[in-house]
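Please work through the exercises below with the sequence and the model at hand, trying each task before reading its solution.

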Amino acid sequence: MVNFAAMHSKHLLKPIWLTLFLLGVLQNALSQNNLWKVSADSTLLKFPWTGGLDACQFAALDLNMDGVDDLVVFDRRGNRWLCFLNDGLPGQISYSWAPQYVRFFPQVSDWVVFADYDGDGKPDLFTYSPGWAGIRVFKNTSTTQPQFTLVVDPYLSSLQGGGYVNIISTNADQLGIADLDDDGDIDLLTFWALGTFVEQHTNKSKEFYGHADSLIFEKTSFCWGRIAESEENSTIYLDTCLFSRKSNGFRHRGATMLVHDFTGNGLPDLLLGDVDFPGLNLLINEGTQTSALIVAQDTLFPSNDVPVRLFSMPAAFLIDVNNDGLKDLIVSPFDPNFDVTENYSSIWLYLNEGSATQPLFRLHTKRFLQDQTIDLGSGAYPVMVDLNGDGLKDIIAGNIGRYVRSWFVGNTLHSSYESSIHVFRQQGTPEGITFTRTSRDLAGLSSLGLRGLVPAFADISGNGLPDMLVGSENGGLIYVAQKSPGDWVMRSTNFGGIQTPPWSAPSLFDLDEDGISDLMIGSVNGRIIFYKGSKIGDSLGFQFVKNNLGGIDVTDYNVSYDGFSVPQGFIAPDGSPRLVVGSESGKVWLFGNIRGNINGNFAPLNDWQSILDTLVTHIDAGFRSAAFVGQLGNDQKLHMLTGNFSGGLELWNGTASVFPGIAEKRPEPLKIWPNPSNGLVYFETANTDCLSALIRIYDNASRLAVSKSVNLGGGKRILDVKGLKPGVYIFEMRLCTDELRRSKFVKLP
């Protein structure tokens, strides 16, 4: 486990732009949610291939124009949009991933706030203006599909001191938007440029034009609510607009705001999050519509239940997620410093068990949406390899690290993370491909206390089994041998004495086409080190060739001073060797002109259509991208897995479903008796209102043996299994709610 302090990002002001894909491209290239059920020990992930969720912001918008608000998510880790359609079931949380809608959203950076400024019932988009420390605005002009039109650029201005000037808003500040004076147009709350006080910028659209469709602001208060924030921590001082505490020159910057009437008195309260701190502070307003006065604060919000404690700088959003007409509370980290925030369990959902005017929030889950997608914490480095020799490619993925804990030294936040390697075992069925997570810590490498474990596989020892080389933040390579199937032994933490820059990312692939795996190593510098492979008896050895394979450097200096190259080789459909290389900026690079040119410069390509079923010529998988191309199934197509800093995976050219493997919530039991049986079996399940179900029985090779619809009247049913061959079977019941319940049973001769 590695501990490290909060640090300033080396990223420049230019954002890591999100590549927006064509609708047809997304439908063809990215995996959708076809559901195949094979696993006997857990339930299917509903949307496994989202690419992960980390520091997210949320909005309710009607994406498919069916009159039901859907869910739009913006993940500031890589500036990624994610869209989820709401099934609209009353009292239920039921969403489906809808990547085909991403193309409708503009390229934005760092933060977004949706608010209907013109009163047409369609939320408009306010977002950060990079390079200007200001606010850009996109008007929602949707009709038959989502559409946003830029109306304010490069920044929103306000009348201050006799002239209109930029309303300062940094990438670490989420502004508050609401009709503060109850006149029918929206107003703004922001922190003063140097912190401490909250400024009010009042919209004069109603006063000047008699309607709310304009954004013309005047700074009307430098000290809204008569509150002051400490320059050194998250302390809020009430009833003061004169703040003269001495500091040591430390400028305390960064806050999140949610303006809403939480007390039902008709006045806007302020829910405040603060940089480096894990809680939310509810500031209660008992002033007037024109003069706010904060008289009390709830520093452990929500104090009626489990208070928010989410590192770092939680941002809050009010959205009705269960279709009961009441707005629920979603909380996620906002801190721009990705080296201190929580991941994995970083989206907390509180359901509103009160009323619209008197909300009562109860914690429902700490992994909203995350529990239905592959999420490894921070970072995802996938490879495809047949790990157990069954002829089916499994997915192995390392990560940067999963959040462990945070602590303070003075006023500086420190966090620790733990990296490991995950195994998703492939299981083929007549209906398709599924993956079940069978390990969260292959070979127990988390015990090394490293970050950034990146695995690569080849038979290094010569015993016919794939062994593993692993890179890390520390550089160098770890060698883990597979002595016998599933028996992993660490042989060296400094394999071959190979020296690399930090964040080593190895790949084992026969690049020179001599029948022997070569070794490529990416790193923080964006280039690739090349070692030629050779046979030493039955074992595999490597000899250094060059530090700049193919002349490749994936560093984009407009985005970051680092490259974080992650190379992987594959054979293209035309039989030629190719390279895909992930990068810090998020771009996935494709290189050719390799055959017979190991010592020359490789050619960057954009002909992804020759590899995947797509028209895309540029792929941005999100900050700290990684990619692997290979065949997963029997369709003879190439598939691509991409990972990013948000800890998830995306599957291109495939429709493989995933089971989490290690269940976090035990499913309801399915009782079968007698077990074993040689004839009739009874089955019974509890806690369901379903009147029917689909029964499927799979043999020990995952082949479907029985498929039958049954009536659940009375709760207990009977099934004739005399026709089954003797052996072990998986008995699966799919309920009307799409819930799966499973049990094993043995058929006797």
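The model is a predicted one, in which local features need pLDDT of at least 70 and side-chain atom pairs count only at pLDDT 80 or more, whereas totals for chains, interfaces and linings use all residues. Residues are numbered from 1 along each chain as its sequence is written, and side-chain values use heavy atoms, with hydrogens and water left out.

**Exercise 1. The chain as a whole**

Task: Describe the secondary structure, burial, contacts and surface of the chain.

Solution: Begin with the secondary structure, which comes to 2 helices and 55 strands; helices (H or I, at least four residues) and strands (E, at least two) are DSSP runs, numbered from the N terminus. Next, take burial: of the 749 residues, 58% count as buried, where buried means under 20% relative accessible area, exposed over 50% and partly exposed in between, with a 1.4 Å probe and protein chains only. Then turn to contacts, meaning heavy atoms within 4.5 Å: among those between residues at least 6 apart in sequence, 53% join residues at least 24 apart. Finally, the accessible surface comes to about 28,600 Å², of which 49% belongs to carbon and sulfur atoms; such areas come from the Shrake-Rupley method with a 1.4 Å probe, and for residues only the protein chains shown count as cover.

**Exercise 2. The surroundings of S94**

Task: Locate S94 and work out which residues its side chain meets through polar contacts.

Solution: First, S94 is found in the loop between β4 (80-86) and β5 (95-97), and it counts as buried because its relative accessibility is 9%. Second, leaving aside residues up to four places away in sequence, S94 touches K46, L85, N86, D87 and L89. Third, apply the rule for a polar contact, which is a pair of N or O atoms within 3.5 Å; within protein, one must be able to donate a hydrogen and the other to accept it, and residues adjacent in sequence count only if both atoms are side-chain atoms. The side chain of S94 is joined in this way to that of K46 at 3.4 Å and to that of D87 at 2.4 Å.

**Exercise 3. The disulfide**

Task: Find which cysteines form a disulfide and determine its handedness.

Solution: A disulfide is taken as a pair of cysteine sulfur atoms within 2.5 Å, and by this rule the count comes to 1. The bond joins C223 to C241, with an S to S distance of 2.2 Å. The pair links distant parts of the chain, 18 residues apart, with C223 in the loop between β16 (217-221) and β17 (227-229) and C241 in the loop between β18 (236-238) and β19 (255-260). The torsion about the S-S bond of C223 and C241 is about -90°, so the disulfide is left-handed. Both C223 and C241 are buried.

**Exercise 4. A sheet and its edge**

Task: Give the strand order of the open sheet that contains β33, and then examine β33 itself.

Solution: The open sheet of 4 strands has the order β33-β34-β35-β36, with antiparallel pairing; two strands pair if DSSP finds at least two bridges between them. Because β33 (454-458) and β36 (487-492) each have a single partner strand, they stand at the edges, and one side of each is left without a neighbour in the sheet. β33 and β34 (residues 467-471) pair in the antiparallel sense over 5 bridges, and P455 has V470 of β34 as its bridge partner. As for burial, 5 of the 5 residues of β33 are buried, so this strand is largely enclosed by the rest of the structure. V454, A456 and A458 point one way from β33, while P455 and F457 point the other way.
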